[in-house]
Amino acid sequence: MPVHRNLANGMTSTDELIARRERLLGPGNPLFYDEPVHLVRGEGVWLTDNDGTRYLDCYNNVPCVGHCHPRVVDALCKQAALLNTHTRYLHENILDYAERLLGKFDDSLDRLALACTGSEANELALRIARFNTGGEGLICTNATYHGNTAAVSQLNSIFEPFEGYGDSIRMVSWPDSYRARDELEGDALADAYANEVRLAIESFNESGIKFAGMIVCPIFANEGLPNVPEGYMDKAIGYVRDAGGLYIADEVQAGFGRTGEWWGHSSSGVIPDILTLGKPMGAGHPISGVIARGELLDNYRRREMYFNTYGGNPVSCAVGLAVLDVIEDEGLVENAATVGNYVLQGFQELQSRHEIIGDVRGRGLFFGIDLVSDRETKQPDAGSAKRIVNELRHRGILMSKIGEHDNVLKLRPPLCFSKENADLLVSTLDDVLGNVQARLK
Ligand SMILES: Cc1ncc(COP(=O)(O)O)c(C=O)c1O
């Protein structure tokens, strides 16, 4: 596609947008890719830029049902044309949505509070946990992100908050079974990681800080999507509960079918006390939520009025219902499991031929490809991850990278991803891996 330059200043329209962004929004607004993409349209798993170039979206989990799904857009438009208000009036949509959504969880999780962002949901979850336990102390992992409010930023180990960390947070190692702690395996590895949780609780006790609970993404998505050592969650949350703490599962990335099951926590068999939802919940419309055991939310609500002007408004709930309808009617959870497995096999085949791939991890349609400069030492290769992500962008495939070492290719396509899409992804990645490795030699 031709690149259009402004004849007066020689800048491309992309350069102009970047300059305007800097001028109006200030520095530090993150942009993906060395040459950022200017998107103007989305449909299904495809995105189109301002020059008409199409990209296969292998990154975006928010439009879980596919970009601009007609049924979601229709539900949004119909309700927006009829009524939208804050949530201090009676309306059926919030109740219909609560019934449908709560029906997808264990019976013990029977209350819902709605908000607009994952950060707000986590903020509320922390307050509910702290109120109910009377504690302050929280455990999170040492390579995570849970959102951007002042309280939630305290949990962010990927970006240290400018205020620094207060006394009420303890970070434990995420349960990595690839670069396994002390090269342990099986039960011994699960025990070693879970033991850190026990020690963190002890350290709160020693500091006179009452313990409130532990918050983790149940699939440790931001940490790099590890294969969690079997039994880890059982053991870690066992320590948490023995000490009177609560388990908060942050399902903001893991939920709504992403893993080939409805919820990320399901496979561990450990039911959270509180869990939070966001990103895919409205397929792009800002809606998030906290789901909790009834008594926890009720106790909190009796003491504190939680009001969120937009949280749970009739339009958001109409969108939320439409998203559930589409996931169910189009069999997207099952699709995530079957196509996810197909993609994983494709990546494993690439791993057998490309030395740079140290480990391939997948849960439904969520993948992490761990790149290494040496398979023996498992030395993370963040430089190649960056080159590969940028090169794929120029080959029409969008993805990103994550992990403690920033060396894990991160892929989470919309849940309507097909085997045909998978073939294109795997063959293009094959090419790009070959090119990048050839240049390393
Ligand atoms: C696991 C997790 N929790 C919470 C959040 C925050 O969600 P939001 O950006 O909607 O506030 C994020 C955002 O990336 C996330 O990855």
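**The ligand shell and the chain**

Mentor: Start with the ligand, which has T117, G118, S119, N122, Y145, H146, G147, N222, D250, V252, Q253 and K279 around it. The model is predicted: local features need pLDDT of at least 70, side-chain atom pairs count only at pLDDT 80 or more, and totals for chains, interfaces and linings use all residues. Residues are numbered from 1 along each chain as its sequence is written, and side-chain values use heavy atoms, with hydrogens and water left out.

Trainee: What puts a residue in that list around the ligand?

Mentor: A residue is near a molecule if one of its heavy atoms lies within 4 Å of it. The residues named, K279 among them, are the ones around the ligand.

Trainee: How much of the ligand does the protein cover?

Mentor: The protein covers 83% of the 390 Å² of accessible area (Shrake-Rupley, 1.4 Å probe) that the ligand has on its own.

Trainee: Which helix gives the largest share of the shell?

Mentor: Helix α4, residues 118-133, with three residues. A helix here is a DSSP run of H or I, at least four residues; a strand is a run of E, at least two. The chain has 12 helices and 16 strands.

Trainee: Why is the chain called as compact as a globular protein of its length?

Mentor: The radius of gyration, taken over C-alpha atoms, is set against 2.2 Å times the number of residues to the power 0.38. The rule gives 22 Å for 441 residues and the chain has 22 Å, so the label holds.

Trainee: Why is S153 called buried?

Mentor: Buried means under 20% relative accessible area, exposed over 50%, partly exposed in between (1.4 Å probe, protein chains only). S153 has 13%, so it is buried. S153 sits in helix α5, residues 150-153.

Trainee: Which residues does S153 touch?

Mentor: Contact means heavy atoms within 4.5 Å. Leaving out residues up to four places away in sequence, S153 touches G147, N148, P161 and Y165.
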